[in-house]
Structure formats: structure tokens, C-alpha cells
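Open your viewer and get ready to click through a few selections.

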Amino acid sequence: MRKKNALILLAGGKGKRMESSLPKQFMDLGGKPVIWYSLYAAQKSELIDEVVVVSGPEYFSEIRTLSDRNGFDKVSHLVEGGEERFLSVINGVNALLETGTGCETFNGVPEVILIHDAARPFIDDEIIGRCLESVSEGCGCVAAVPSKDTVKLADENCMVTEEPPRKNVWCMQTPQAFYTDVLKKACDKALDDYKKSIEVHDAILAITDDAQMVRMYEGTSVRLAMGSYDNIKITTPVDLVIAEKILEEKRK
């Protein structure tokens, strides 16, 4: 029997770099809001049993309507996001584990939790499958792609300090997958530190992805699984133009 899997869909971004008052995950892409594509991919996937959407409460009604109209019955909860990404993840994990209820197709605690950005509309079963094949109790998994560019590290004065070999450089994506108990322990420790320690507080705010948090608090190894160069994150206006082109190619 395969593991029971849940997806936390992070849809709480403000979209400041999009130069728009409308968050990027709700912008139009091919006649549908960007978030629709991730919800659709999760709904049709036989690898995902439940979806929790983390967003601003002002968008709950819109997400509920979108889910109801499209039959996205795997969506079990809408959860308010936090000020930081890791706080939104914590809220999503707690919703999965503390409510004792699930969606219509799944009830109970998942063995694996995947975390995905709603601003990445081109998630698919192949990416999900590769992540689930690679995750284990002692090893998380992140979708990623080899860097096409040479990368240089620099100091605060923009002086190059290190030149890692390009073959060793990967660009992180989502989904990121972890066994539930491992992710929960990391979330609890991160939240505890966030509440009590000013010194650690700055280190936590420097966390930019979920694997970084799990490695920091649980010492968990992280394996990279091949993502897709189409699995872009819509962050700036030009990304939306690129996404439209990708969507046109996929519809051919």
C-alpha cells in the first residue's frame, strides 16, 4: 500500500514584486486564477489524498467558491497564513494534524506532507511522484533543477568570495516533501524558538524554504528530485508572460 499523502498549498503571498494589489496566486493565467492550476493538479492526482490551503482570510470565500465550482473536494481546510513562510507552514501542518477530520476522499493523519507554492502553477504528477519516491523517514525531498547559469557567491561589498562548480548548483523549487512526524517536530521547535529567543529569531527569519527549516531543527538529510524548468514561480510581471507561453505550449 502506498503512503497517505497531504499537500499544503501556500497561497498567502502579497505579490509586492508583481507591482499589483492583487496577489499573484489570484491573477489571471489563461482565463483562470494561478492557484487553480495547482488545485486542479492535486485534485486529479492519485498520489495526493488531501489539500490544505494557507491564505489570507480575505480570500477564503474566493477559494471556497473556486473549489466548489470545480469539484476540488480534496480541499479539507482553509487556514490563515502567518507573517513569515515558516509560520504559514506551521499553521498548515497543525490544521492537518489537530482537527481530526479530512476531506471527502481521505480521513486520518498523512504519512507524508508535501508543501507547494500556489505561485508555481505547473506542478504535475511526474514531479510529485519523483518527490514521493525519494522522501523517507530520515530524508526529506525537494524538487529542483540543475542551474543553467554559473553562480558566484559574493560578500556585502559585491566582491566574489566563492565560485561553486555549476554541476553542483541546483535551483530549489516546490513541492518539498517530508514525513509528517519529522516536519511536525521541526515546526514545533521553530515556533518555540521564534517565540522565546531574539538571537535565534533572526536565524529563523533567514529561512527561505521548508527543507532549510527541517535540516536546521532535525538534522534531516535532503535529497533533490528532478523538478521541471516549466515549474516556474510567478514572482514578477515578466514571469506571468513566461507562464502564458508555457501554458500555450502545454495546450497544443
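How many residues does the largest nonpolar core have, and which of them have the most contacts inside it? Keep in mind as you look that this is a predicted model. The core has 72 residues. To see those with the most contacts inside it, select Leu29, Ile35, Leu39, Val51, Val53, Leu114 and Leu183. In soluble globular proteins, nonpolar side chains tend to be buried together.

Next, click on Leu39. Leaving aside neighbours within four places in sequence, Leu39 is in contact with Leu9, Val51, Val53, Leu66, Ser67, Phe72 and Val75.

Now move to Asn5, in strand β1, which covers residues 5-11. Is Asn5 buried or exposed? Asn5 counts as buried because its relative accessibility is 3%, and buried means under 20%. Show its side chain: a polar atom there lies 2.7 Å from the backbone oxygen of Leu47. Beyond the neighbours within four places in sequence, the contacts of Asn5 include Leu47, Ile48, Asp49 and Glu50.

Finally, turn to the surface. Select Trp170, Met172, Leu224, Met226 and Tyr229, which form a nonpolar patch with about 410 Å² of accessible area together. Strands β10 (170-179) and β11 (221-226) are the elements that give two or more residues to this patch. For a last stop, pick Met172 in strand β10. Met172 is partly exposed because its relative accessible area is 35%, between the 20% and 50% cut-offs.

Note on methods
Residues are numbered from 1 along each chain as its sequence is written. This is a predicted model: local features need pLDDT of at least 70, side-chain atom pairs count only at pLDDT 80 or more; totals for chains, interfaces and linings use all residues. Side-chain values use heavy atoms; hydrogens and water are left out. Patches are made of residues with over 30% relative accessible area and no salt bridge: like charges are joined within 9 Å, nonpolar side chains (Val, Leu, Ile, Met, Phe, Trp, Tyr) within 5 Å. Accessible areas come from the Shrake-Rupley method with a 1.4 Å probe; for residues, only the protein chains shown count as cover. A salt bridge is a side-chain nitrogen of Lys or Arg within 4 Å of a carboxyl oxygen of Asp or Glu. Helices (H or I, at least four residues) and strands (E, at least two) are DSSP runs, numbered from the N terminus. Buried means under 20% relative accessible area, exposed over 50%, partly exposed in between (1.4 Å probe, protein chains only). A polar contact is a pair of N or O atoms within 3.5 Å; within protein, one must be able to donate a hydrogen and the other to accept it, and residues adjacent in sequence count only if both atoms are side-chain atoms. Contact means heavy atoms within 4.5 Å. A nonpolar core is a set of buried Ala, Val, Leu, Ile, Met, Phe, Trp, Tyr and Cys residues joined through side-chain atoms within 4.5 Å.
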